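Please look at the sequence and the model shown here.

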Amino acid sequence: MKYKTFLGAVFVLALILAACAPAATPTEVPTLTELPATEPAMTETSEATEPATTETPAADETATGGIPVTGEATVQVAESTDFGSILVDGEGMSLYVFLADTQDSGTSTCGDDDGCVAEWPPLTSQGAPVAGDGVDETLLGTITRDDGTMQVTYNGWPLYLFAGDAAPGDTNGQGLDEFGGLWFLVSPTGEAIQQ
């Protein structure tokens with residue numbers, strides 16, 4: 001009888017040890033050297049994801065430098081060697097007014113249907129435009145275009161870029177007569193520079 005009790009105790013102990021032992025798997029587990037180069041080791045993964053969650057930019061910041069992502073257009077003043085002080089966008093590209101537009105009308109006559117916006121893209125904003133250096137903030141405004149986008153205005157004139165300007169400082173659209181009217185650079189006082 002003692003023998004059966006001893007065997008029963010050994011059997012129970014073997015079951016307990018089996019339950020605590022790691023389970024054997026019938027498939028081969030790849031070693032770290034067999035993992036593809038793009039998959040980090042398990043300890044590296046947990047360490048790599050932990051800082052990423054603490055360093056993720058806030059919803060209103062970009063991943064590059066913490067600049068707010070507002071979608072607001074900036075209008076600022078730059079000096080042109082040929083035309084003096086002119087309005088430019090946040091990247092330094094020259095801004096223009098279209099004399100076929102009517103000042104303070106709240107509309108733009110440069111539309112998609114005749115190819116005007118392809119050559120003269122409107123300066124759009126997803127919020128109130130920002131006045132940069134030398135700009136009179138009280139002259140900034142917006143209108144709603146037919147497609148629902150907000151176009152920036154200055155002194156009541158809708159503002160445009162010119163597709164023919166390749167770099168900041170270019171003024172290739174100055175004085176052009178296209179799409180039924182003349183195009184001119186804009187002064188910081190909000191007047192067309194007609195020279």
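The term pLDDT denotes the predictor's confidence in each residue, on a scale from 0 to 100. For this predicted model, the mean pLDDT of the chain is 78, and 64% of the residues reach 70 or more. Residues 29-69 have a pLDDT below 50, and in the model this stretch has 14 contacts beyond near neighbours in sequence; a contact means heavy atoms within 4.5 Å. Residues are numbered from 1 along each chain as its sequence is written, and side-chain values use heavy atoms, with hydrogens and water left out. Since this is a predicted model, local features need pLDDT of at least 70 and side-chain atom pairs count only at pLDDT 80 or more, whereas totals for chains, interfaces and linings use all residues.

The overall composition comes next. The chain contains three helices and 11 strands; helices (H or I, at least four residues) and strands (E, at least two) are DSSP runs, numbered from the N terminus. Along the sequence, their pattern is α-α-β-β-β-α-β-β-β-β-β-β-β-β. Of the 195 residues, 29% count as buried, where buried means under 20% relative accessible area, exposed means over 50%, and partly exposed lies in between (1.4 Å probe, protein chains only). Among contacts between residues at least 6 apart in sequence, 62% join residues at least 24 apart.

The strands may now be considered as sheets. Strands of a sheet pair through backbone hydrogen bonds, either parallel or antiparallel. Two strands are said to pair here if DSSP finds at least two bridges between them. Strand 1 (residues 74-80) runs parallel to strand 5, and two bridges join them; Thr74 has Val130 as its bridge partner in strand 5.

Which partners does strand 10 have? Strand 3 (residues 96-98) is joined to strand 10 by three bridges, and the two run antiparallel; the partner of Tyr96 in strand 10 is Leu185. Strand 9 (residues 177-178) is also antiparallel to strand 10, with two bridges, and Glu178 stands opposite Gly181. Strand 9 and strand 10 form a hairpin with two residues between them, and Phe179 in the turn has a positive phi of about 55°. Strand 11 pairs with strand 10 in the antiparallel sense over two bridges, and Leu185 has Ile193 as its partner in strand 11. The hairpin of strand 10 and strand 11 has five residues between the strands, and Gly190 takes a positive phi near 90°. Strand 10 is largely enclosed by the rest of the structure, because five of its six residues are buried.

Aromatic rings also link parts of the chain. Rings of Phe, Tyr and Trp (its six-membered ring) pair if their centres lie within 6.5 Å; planes under 30 degrees apart count as stacked, over 60 as edge-to-face and the rest as tilted. By this rule there are seven aromatic pairs. The rings of Tyr96 and Phe162 have centres 6.3 Å apart and planes at 75°, so they form an edge-to-face pair. This pair links distant parts of the chain, with Tyr96 in strand 3 and Phe162 in the loop between strand 8 (157-158) and strand 9, 66 residues apart. Tyr96 and Phe162 are both buried. Tyr160 and Trp183 are likewise edge-to-face, because their ring centres are 5.1 Å apart and their planes are at 85°. Tyr160 lies in the loop between strand 8 and strand 9 and Trp183 in strand 10, so this pair ties together parts 23 residues apart in sequence. One aromatic cluster is formed by Tyr96, Phe98, Trp120, Tyr160, Phe162 and Trp183.

Two further residues complete the account. Ser187 is found in the loop between strand 10 (181-186) and strand 11 (192-193), and it counts as buried because its relative accessibility is 12%. Leaving aside neighbours within four places in sequence, Ser187 is in contact with Ser85, Leu87, Tyr154 and Ile193. Leu87 is found in strand 2 and is buried, with a relative accessible area of 0%.
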